[in-house]
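I opened this notebook to record what I looked up about one contact between two chains. The entries follow the order in which I looked.

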There are 4 protein chains.
Amino acid sequence: MIAVISGEACGPEALELAENVGREIARRGATVVCGGRGGVMEAACRGAREVGGHTIGILPGRGPEDSNPNAYVEFPIYTGMGFARNVMVVLSGDAVIAIDGSYGTLSEIAYALIHDAPVIGVDTWDFNYRGFTGQDKIVRVTDASEAVSKAIELAEGRRATRAE
Amino acid sequence: MIAVISGEACGPEALELAENVGREIARRGATVVCGGRGGVMEAACRGAREVGGHTIGILPGRGPEDSNPNAYVEFPIYTGMGFARNVMVVLSGDAVIAIDGSYGTLSEIAYALIHDAPVIGVDTWDFNYRGFTGQDKIVRVTDASEAVSKAIELAEGRRATRAE
Amino acid sequence: MIAVISGEACGPEALELAENVGREIARRGATVVCGGRGGVMEAACRGAREVGGHTIGILPGRGPEDSNPNAYVEFPIYTGMGFARNVMVVLSGDAVIAIDGSYGTLSEIAYALIHDAPVIGVDTWDFNYRGFTGQDKIVRVTDASEAVSKAIELAEGRRATRAE
Amino acid sequence: MIAVISGEACGPEALELAENVGREIARRGATVVCGGRGGVMEAACRGAREVGGHTIGILPGRGPEDSNPNAYVEFPIYTGMGFARNVMVVLSGDAVIAIDGSYGTLSEIAYALIHDAPVIGVDTWDFNYRGFTGQDKIVRVTDASEAVSKAIELAEGRRATRAE
């Protein structure tokens, strides 16, 4: 499972990128797990579903009444935990692809780094504290295909380590 | 999605019942969502997978290192939230089937009643406070086929209401 | 810290009992931790504050806008996690006093039993599964003073064990 | 209540700063809420307790066995939710003071910005996405006294708005 982390509000480039990321994840036989809402999350789910892939949306609300999943979420998980659900999106991915720069995405990148999940960043936050930028842990790429290749490679490496 | 709530430790009857419940859920085209661990949860997942159904396990831990899913969980969701994940299992089901009587199951029945989720009880907790037994809200049945029929019926009614 | 678990809706007897429980907890130098809302929770907080005790309310919402604490909560903790906050109320008490019988209380008793927290029950749920009633783990009492004495005694025993 | 967010590992300057922040918060009659662990969190709690203030630690674990609070936490809240507890620290502060630059701190700053909590940053993360740096929302200061003055001022403004 590959987590796609991102915001709801975003420009057309991010949406196209996300759709390609979703499609590519599904083509390689992996499942998209994301926050289940609109924007980049919707685009990634749409891409995956178009080619027959599975999509899981981990939603902030208690049900469809207060937290409607996008139309391409196959399996909605309702947490009732608001933005604390962000950590679960990250934990449920064998690797994480971060697209765009909302604060939710920033919290998810931080959680991925805390939990040593591999992070691939495509057009997303830079951050810095006394020269500590996470660059040794974030793989920065520029296109969807590269993002997914790298994510799958790192996910497989991690699964092998975890299985030992 | 139908939530199957139950414990890990249980007798052979509960396991057989759970496997039948899982199989029946999958045959009717629904997905099993559960806590992802062993015992009844494993039996329900095995039943569903045997006939090609989907299974989601919402796990207490942060990853396979500290929270191994059973072998029949197709999509593991890691929450890192311990038993607080119980509420998510309940919220993610359109209806809930409760089997057996661990304390985790009791917490999940309570959450289902708080959130007005339909609950079908098969050989599970009785509870009572001044004559208030939840019996108006819990449908008690004795076999797997009846449990799933009732769950699907109530889930469909609920989805229709929610969509309005 | 003693957790007082209970519902919002309840009769005058439960309120009087809860106020006495809160007062007694404070008199013995302990702190009330509860769900922070109205009803029994408010009565317990009021009792404690009247005699100068501390009260902590662990609330379901994200802030006072969506989750107003009762007027006697000295320290409101906002979780944004809805009823999943119930487990935190239980975990934060060295012992748990359960008063009355809402479903939230039932979920909290279940969590206390899962986590081996001492539970004192005063006019609250009975439950039963194949003769398994938790009676070996729940101390049933009938008045506030007895409830608090027992809670403090069990809390001290537990703290001693935990410190080893 | 003022949230102090920070990491465990940090240099002597951050510790001294944090102790001064804690002391200053308490002197002004406010309560320190933090993650309850060591490092900067411990220093802030120590500062507050030295001058008779209250301190609340919102801990990741289920109890003292797996999540020991620092010695200056007056009221430990156990969540059992791991790093998802970070959002609660932020939600429970009327304003947030961020000190130092661990990834947990980064997640907390992100959560504060999501929830529109006032953030005062003292020697902490910079972040940037296409020129969006949160600078309009984060008040950067360089010493403890200024941090607390600003935090109290913003907290009071926020409380007034919330009460309307």
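The entries below concern the interface of chain A and chain D in a predicted model.

Entry 1, extent. I looked up how many residues take part in the contact. Chain A gives 28 residues and chain D gives 28 residues. I then noted the area that the two chains bury between them, about 2,500 Å². Of this area, 67% lies on carbon and sulfur atoms. I also asked which three residues supply more than any other three of the area that chain A buries against chain D. They are Y103(A), Y111(A) and Y129(A), which together supply 28% of that area.

Entry 2, salt bridges and polar contacts. I found two salt bridges across the interface of chain A and chain D. One of them joins the side chains of R130(A) and D123(D), at 2.5 Å from N to O. I recorded eight residue pairs in polar contact between chain A and chain D, both residues being at pLDDT 80 or more.

I listed the elements of chain A that give two or more residues to the side touching chain D: α3 (86–92), α4 (103–114), β6 (119–124) and β7 (126–128). The largest share comes from α4(A), with eight residues. I sorted the residues of this side of chain A into 14 nonpolar, eight polar and six charged.

I checked how β7(A) is joined to strand β7 (residues 126–128) of chain D. Three bridges join these strands, and they run antiparallel. I noted one pair by name: D126(A) has N128(D) as its bridge partner in β7(D).

Technical notes
Residues are numbered from 1 along each chain as its sequence is written. Chains are lettered from A and ligands numbered from 1 in the order in which they are written. This is a predicted model: local features need pLDDT of at least 70, side-chain atom pairs count only at pLDDT 80 or more; totals for chains, interfaces and linings use all residues. Side-chain values use heavy atoms; hydrogens and water are left out. Contact means heavy atoms within 4.5 Å. Buried area is the accessible area (1.4 Å probe) that two parts lose on being put together, summed over both. A salt bridge is a side-chain nitrogen of Lys or Arg within 4 Å of a carboxyl oxygen of Asp or Glu. A polar contact is a pair of N or O atoms within 3.5 Å; within protein, one must be able to donate a hydrogen and the other to accept it, and residues adjacent in sequence count only if both atoms are side-chain atoms. Helices (H or I, at least four residues) and strands (E, at least two) are DSSP runs, numbered from the N terminus. Ala, Val, Leu, Ile, Met, Phe, Trp, Tyr, Cys and Pro count as nonpolar, Asp, Glu, Lys and Arg as charged, and the others, Gly among them, as polar. Two strands pair if DSSP finds at least two bridges between them.
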